[in-house]
Amino acid sequence: MTNREIPYKIYLEEKEMPEKWYNVRADMKKKPSPLLHPGTLKPMGYEDLRPVFCDELVRQELDDVTPYIEIPQEIRDFYKMYRPSPLVRAYCLEKKLDTPAKIYYKFEGNNTSGSHKLNSAIAQAYYAKKQGLKGVTTETGAGQWGTALSMACSYFELDCKVYMVKVSYEQKPFRREVMRTYGASVTPSPSETTEVGRKILAEHPGTTGSLGCAISEAVEVATHSEGYRYVLGSVLNQVLLHQSVIGLETKTAMDKYGIRPDIIIGCAGGGSNLGGLISPFMGEQLRGEAQYRFIAVEPASCPSLTRGKYAYDFCDTGMVCPLAKMYTLGSGFIPSANHAGGLRYHGMSSVLSELYDQGLMEARSVEQTEVFEAAEQFARVEGILPAPESSHAIRAAIDEALKCRESGEEKTILFGLTGTGYFDMAAYEKFHNGEMTDYIPTDGELSAGFDGIPKFAGNPQ
Ligand SMILES: *Cc1c(COP(=O)(O)O)cnc(C)c1O
């Protein structure tokens, strides 16, 4: 099949959409490490997690063996409103780069929340409703998760309380208003409304907040309010499971045209879009059916995979959540105020951490000005104005395509374009004015974060 027979956009028909999520843990010989209770250091079971998370989501969290999990019909119906998302052949970008590489991207920004996060938000809201809960609490960084969750909650008529990282709350008033349009209440974090928020404010006056702080606040409110549970937009196994819809659609679309990616790239904050995109491909690799190169791209200002430690750590700054084994910068690490809010988390999904540790995935870090250069280059030829987070993947995809120009190799590159950047124009403005800086933490700053990793026998420091 020649290139030109492949359309610009490969869509799927409704009947080709996935009916089941794929759980990559089922095909991992060495499983990701279990969550540990922060007090007893024992693996957390179903009963331990139920006070925090919805019952069905706890089951999904703990299930390391079932490869395919049915997507309930109500969720599939909601998916049909904005999915399948297009898989686009970046013909114009290829031409601009003058590369023999073939570039594809899966675009998840075609819904009001503007990112892939709605894929998991709707699932989590569905299970909360099914359990008869009144509402859910959560944190949001850049605002995409809070927006997605408020949309999902309004669809199922659930109350939604969002703790928004203060720097984003101030930088992104429009995101906040989108959430309120969907009926959510939005509180800047750290706040005076929780015990943990007051403690963090006392210790770090004037802090601009972090995802870790906001998680602590949201968990406290959920566990102290009758009929509420906490939901999380990334990092957890259940979220990667829901996001596998991205990879499953991509694989079906590629298989239809006999396309096989050589390199699969995604930006990595907590790891959910990347995990979802690569899952079915990684599954093939784990079963010995195919080989791919997987690349996680993270900001140089928050380099959990490339410079972090693989250890048990707290998922939140307040140290109220379970311990997860992950590549981490320490739960007290507060990254510089870079513009990719969705990539400012101190740790990485246990699934991706384990795959990375086994050498099955690569990781690289990129600086924000080079990320915005890539974003602008992409916007000018492909039309879509990308989110700063997504642009980390664009940077790496362009770099790989340029390597192909040097070597003459016709590699097929697939990357996840997680969302649009309309609410990030203040960051684009800084970039255009030449006011954007690149901040790379020193080893000293990182070691201060590592000091916060809990110390117990067998836990690397
Ligand atoms: C949240 C977000 C990310 C990062 O989260 P992951 O869980 O690592 O996928 C990336 N891109 C966009 C647009 C986001 O909103």
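**Close-up views of the ligand site and backbone features**

The ligand sits in the largest cavity. The elements that contribute two or more residues to the shell around this ligand are α12 (272-286) and α16 (388-407). The structure shown in every view is a predicted model.

**View 1. Residues surrounding the ligand.** The ligand is surrounded by 19 residues. Lys117, Ser234, Ser272, Asn273 and Thr418 are the closest of them. Sorted by class, the shell comprises 13 polar, four nonpolar and two charged residues.

View 2. Domain 1 (3-16 + 83-112 + 237-450) and domain 2 (20-70 + 115-230) each supply at least three residues to the shell around the ligand.

**View 3. Polar contacts between the ligand and side chains.** The side chain of Ser272 places an N or O atom 2.7 Å from an oxygen atom of the ligand. For the side chain of Asn273, the distance from an N or O atom to an oxygen atom of the ligand is likewise 2.7 Å. In the side chain of His116, an N or O atom lies 3.1 Å from a ligand oxygen atom. The ligand taken alone exposes 380 Å², and 99% of that area is buried by the protein.

**View 4. The cis peptide bond between Arg83 and Pro84.** Arg83 and Pro84 are joined by a cis peptide bond, for which omega is about -5°. Pro84 belongs to the loop between α3 (73-82) and β4 (87-89).

**View 5. The cis peptide bond between Ser189 and Pro190.** A cis peptide bond also leads from Ser189 to Pro190, with omega near 5°. The loop that holds Pro190 runs between β8 (185-189) and α9 (195-203).

**View 6. The backbone at Leu41.** Leu41 is not a glycine, yet its phi is positive, at about 60°. A negative phi is found in most residues other than glycine. Leu41 is located in the loop between β2 (20-22) and α1 (46-49).

Technical notes:
Residues numbered from 1 in each chain as written. Predicted model: local features only at pLDDT ≥ 70, side-chain atom pairs only at ≥ 80, totals over all residues. Heavy atoms only, no water. Near = heavy atom within 4 Å. Polar contact = N/O pair within 3.5 Å; in protein donor to acceptor, adjacent residues only side chain to side chain. Areas by Shrake-Rupley, 256 points an atom, 1.4 Å probe, with all protein chains shown as cover. 1 Å grid on protein atoms, 1.4 Å probe; cavity = no way out; pocket = protein on both sides within 12 Å on 5 of 7 lines; lining within 4 Å. Sits in = over half its atoms within 2 Å of the grid points. Helix = DSSP H or I, 4+ residues; strand = E, 2+ residues; numbered from the N terminus. Nonpolar A, V, L, I, M, F, W, Y, C, P; charged D, E, K, R; others polar. Domains from an automatic or database assignment.
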